[in-house]
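Morning, everyone. I have one structure to go through today, so let me put it on the screen.

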Amino acid sequence: MNTTTPRSALAEKVARAPKAELHIHIEGSLEPELIFRLAERNGVRLAYESIDALRAAYAFTDLQSFLDIYYAGASVLLEEQDFYDMTMAYVERALADHVVHAEIFFDPQTHTERGVPIATAVAGIERALADAERRGLSSKLILCFLRHLSEDDALATFDAALPLFDQYSHRLIGVGLDSSEHGHPPSKFERVFAQARAKGLKLVAHAGEEGPPSYIYEALDLLKVDRVDHGVRSIEDPALVTRLADTRVALTVCPLSNLKLCVFDDLTKHTLKDLLDHGVAVTVNSDDPAYFGGYVNENYFATIDALKLTDAEVYTIIRNGFDASFVTPDERAALIAQLDAHWHAAPAR
Ligand code: ADE
Ligand code: ZN
C-alpha cells in the first residue's frame, strides 16, 4: 500500500524548480549508512552499535545536543576519498531536488583536531564539486570557524588555509562562523573576520539561531557579514527587522533544523513568514539534512504546509536564494532566467 500523502500543486512546482541552497554543512549531510561504511573502511570505532542505534540517537533537545553527535559522526572522515564520497552523496541529493547552485560550509577544525590537514578535506570536496559542475550543479565553498574554540585557534586555521584560498579561488570564496552559539558572540571573532575581509573573502556567520538579536547586530556591525545564517530571532527586535529589510542582508533560514533543535516547538510558529511579510530576504535551506529529516525540497514542503505560503511567496523565497548567492551578475541573471522559465511555465497553485 502506498501511504505517501499526495503533494499540493505548489509543492510539485517547487520540487522541480531550480533552486539555490546557501546553508548546508557538508559534514551534516553524512547519512548514518555512510558513517558506518567510512568507519569500517578507516577502522574508526563508533559509540553506536548499528545504523539504527545511531539514527535512534537523533532526538535533539537543543543545538548542543545535536553538535555532540554531529562531531562524533564527522570523526570517520580521514582520507581525501572520504570527503569526496560525502560530498558526492550530497550532490546526488541536491541534483534530485533540482538544486542548481549550492554554497557549502565545511568545518576544518573538526578535522585538523584529528590530524587531517585542511588541504585533504578541500581536495576531496573540490573533486566532487568539480564533477557536480559537469552535471549542472554550480557551487562555492565556505570555511567555517568553530565558535566554541578560541579566536587564536581560528586565526591559526585561517593562516593554514591561506594557500588554499589562492589555489581554489574559484570555489573557496568565504568564511563563516558556526557551532555552539550561547556564550560565543560574534565579537569574539572580530580580528579573524577583519583579516578575511581584507583578503576580499565573503563573510557569513550563524547568529540568532539560539542566540539573542544582539548577536545579529554584532555579526552585522563587527564582523560585517554579507549574510546571516538562521537569524530567526531577529523578529524579536523590530528595528533589526527594518534594518535587515532595508539593507537586503539575507537570512539563510533552515526550518526543519529549527524544528529538530527545538528553536520552535511547532513549524506553524516559525518566524519565516513574519520576516518575509516585513520584507526581509529570507531563503530556505537544509542545514544538516542527514540529521534533521530532510533535504532542501522537504524543507520547502514542510514550510509551505505549516505557514500556508502562497505561490508568489514561494517564488520570492526561491528568487531570494539566487539574489543572495555569491555568484557573478551574469551567473545570477542566468540562474534567475532558469527559475522564471520554470515558474511561469508550470501550473500555479
Ligand atoms: N554546525 C552544523 N550545524 C550547525 C547549526 N545548525 N548551528 C551551528 N553550528 C552548526
Ligand atoms: Zn548551520
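I will take the metal site, then the annotated position.

This is a predicted model, in which local features need pLDDT of at least 70, side-chain atom pairs count only at pLDDT 80 or more, and totals for chains, interfaces and linings use all residues. Residues are numbered from 1 along each chain as its sequence is written, chains are lettered from A and ligands numbered from 1 in the order in which they are written, and side-chain values use heavy atoms, with hydrogens and water left out.

Which residues hold the zinc ion, ligand 2? The protein donors are His-23 (NE2), His-25 (NE2), His-206 (NE2) and Asp-287 (OD), at 2.0 to 2.2 Å. A donor here is an N, O or S atom within 2.8 Å of the metal (3.2 Å for Na, K and Ca); water is not among the atoms, so sites may look incomplete.

Along the sequence, the donor spacing reads H-x1-H-x180-H-x80-D. His-25 in strand 1 (residues 19-25) and His-206 in strand 5 (residues 202-207) are 181 residues apart, so this pair links distant parts of the chain; strands are DSSP runs of E, at least two residues, and helices runs of H or I, at least four, numbered from the N terminus. His-25 is buried, at 4% relative accessibility, and His-206 is buried at 4% as well. Buried means under 20% relative accessible area (1.4 Å probe, protein chains only).

Now Glu-209, which UniProt, in an unreviewed entry, gives as "active site"; such annotations may be inferred rather than shown by experiment. Glu-209 sits in the loop between strand 5 and helix 10 (213-223).

Terms used:
Buried < 20%, exposed > 50% of the residue type's maximum accessible area, 1.4 Å probe, protein only.
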